[in-house]
Amino acid sequence: LAQVRAGASAVYDTVTNKVYAFGGYRLNTSSNDPEYPTEIVQYDPALDVATTTGIGTMPVGLYGGAAAARNSTEIYIFGGATSTGFSNKIYKFNPATPASNAIDTGYTLPQAAVDVAAAYDSATDKFYIFGGFYLDGSTNPQYLNTVVQFNPATGATTTAGMASMSAVLRGLSAVSVSSTAIYLFGGSNGSGFVTTIYKFNPASPGTALTTVANLPSARAYMAAAYYNLSG
């Protein structure tokens with residue numbers, strides 16, 4: 001990356017063969033104060049080059065959001081936090097015209113939260129957003145176990161009829177593998193990190209998540225991706 005940062009989200013676009021990373025935060029090299037860049041970073045794996053030159057920006061500096069692609073013209077970014085608080089906004093970026101800025105869709109999550117995970121299911125044409133963390137009005141930490149369904153065709157978000165995770169989690173990772181399987185890895189439950197790997201079925205979103213395996217060690221705030229060896 002052009003500058004060090006943490007808490008960014010990233011998506012690979014299969015059409016352009018580019019990766020786009022959104023937001024994050026860094027510490028000012030002089031004052032050590034946190035900074036929240038609005039840059040969108042484009043990474044070209046063929047050339048091994050990362051750049052922000054000629055690439056659009058986010059409407060606001062954002063960290064701890066979750067990004068997932070619907071198609072070659074729509075990447076959505078969910079939740080996260082800014083320098084002023086937690087976000088419930090849903091932003092959209094078009095990788096086909098990467099010089100254009102990401103936009104505020106006007107759609108919102110039911111609860112503003114940071115460190116959420118998100119995955120897209122092409123069979124239902126829905127996004128699913130998992131867990132997260134926020135501070136309530138008394139600045140008490142609140143961890144979420146919700147599964148939010150987002151319909152990009154209508155902009156509707158809902159938890160109605162959705163299963164809940166069996167544990168509250170932030171800093172987990174989500175990967176869509178098939179029309180019946182989105183896998184969730186690790187995270188923090190407020191007491192510590194977890195090893196659990198859950199499976200969520202988007203074809204039956206009201207069905208309880210199942211525990212399918214455990215990571216070798218407890219961890220959170222990691223990234224995950226699916227690799228299909230058969231292509």
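**Notes on the predicted fold**

1. Let's start with Phe 93, which is buried at a relative accessible area of 0%. Bear in mind throughout that this is a predicted model. Eighteen aromatic pairs, or 18 as a plain count, turn up in the model.

2. Ring pairs join Tyr 76, Phe 78, Tyr 107, Tyr 120, Phe 127 and Phe 150. Two of these names come back in the sheet: Phe 127 has Phe 150, in S17, as its bridge partner. Strand S14 (residues 126–130) and strand S17 (residues 147–151) run antiparallel and are joined by four bridges.

3. Which strands make up that sheet, and in what order? It is an open sheet of four strands, S13-S14-S17-S18, with antiparallel pairing. Strand S13 (117–121) and strand S18 (156–158) stand at the edges with a single partner strand each, so one side of each has no neighbour in the sheet. On average, neighbouring strands here are turned by 20° against each other, direction ignored.

4. The largest nonpolar core has 17 residues, and Phe 130, Val 147, Met 165, Ile 182, Leu 184 and Leu 209 have the most contacts inside it. S13, S14, strand S20 (181–185) and strand S21 (194–200) each give two or more residues to this core. The largest share, three residues, comes from S21. Apart from this core lies another one, of 16 residues, including Ala 68, Ile 90, Phe 127 and Leu 144.

5. Leaving aside residues up to four places away in sequence, Ile 182 touches Ala 119, Tyr 128, Phe 130, Ala 174, Val 175, Ser 176, Tyr 198, Lys 199, Phe 200 and Pro 202.

6. Pro 202, from that list, sits in the loop between S21 and strand S22 (210–219). Its relative accessible area is 2%, so Pro 202 is buried. With residues up to four places away in sequence left out, Pro 202 touches Asp 121, Thr 124, Tyr 128, Ser 178, Ser 179, Thr 180, Ala 181 and Ile 182. As for Val 11, 191 residues away along the chain, its C-alpha atom is 20 Å from that of Pro 202.

7. Ser 173 is in strand S19 (residues 173–178). At 6% relative accessibility, Ser 173 counts as buried. What does its side chain meet? A polar atom of the Ser 173 side chain lies 2.5 Å from the backbone oxygen of Met 222. Contacts of Ser 173, not counting residues up to four places away in sequence, are Ala 117, Tyr 183, Leu 184, Phe 185, Met 222, Ala 223 and Ala 224.

8. Last, a backbone check. Most residues other than glycine have a negative phi. Asp 125, however, has a positive phi near 55°. Asp 125 is in the loop between S13 and S14, and at 21% relative accessibility Asp 125 counts as partly exposed. Thr 139 is another non-glycine residue with a positive phi, of about 60°. Thr 139 lies in the loop between strand S15 (133–135) and strand S16 (141–143). With 55% relative accessibility, Thr 139 counts as exposed.

Methods. Residues numbered from 1 in each chain as written. Predicted model: local features only at pLDDT ≥ 70, side-chain atom pairs only at ≥ 80, totals over all residues. Heavy atoms only, no water. Pairing = 2+ DSSP bridges. Axes fitted to C-alpha atoms, helices over the stretch in contact; angles between N-to-C directions. Core = buried A, V, L, I, M, F, W, Y, C linked by side-chain atoms within 4.5 Å. Buried < 20%, exposed > 50% of the residue type's maximum accessible area, 1.4 Å probe, protein only. Contact = heavy atoms within 4.5 Å. Polar contact = N/O pair within 3.5 Å; in protein donor to acceptor, adjacent residues only side chain to side chain. Phe/Tyr/Trp six-rings, centres within 6.5 Å; stacked < 30°, edge-to-face > 60°.
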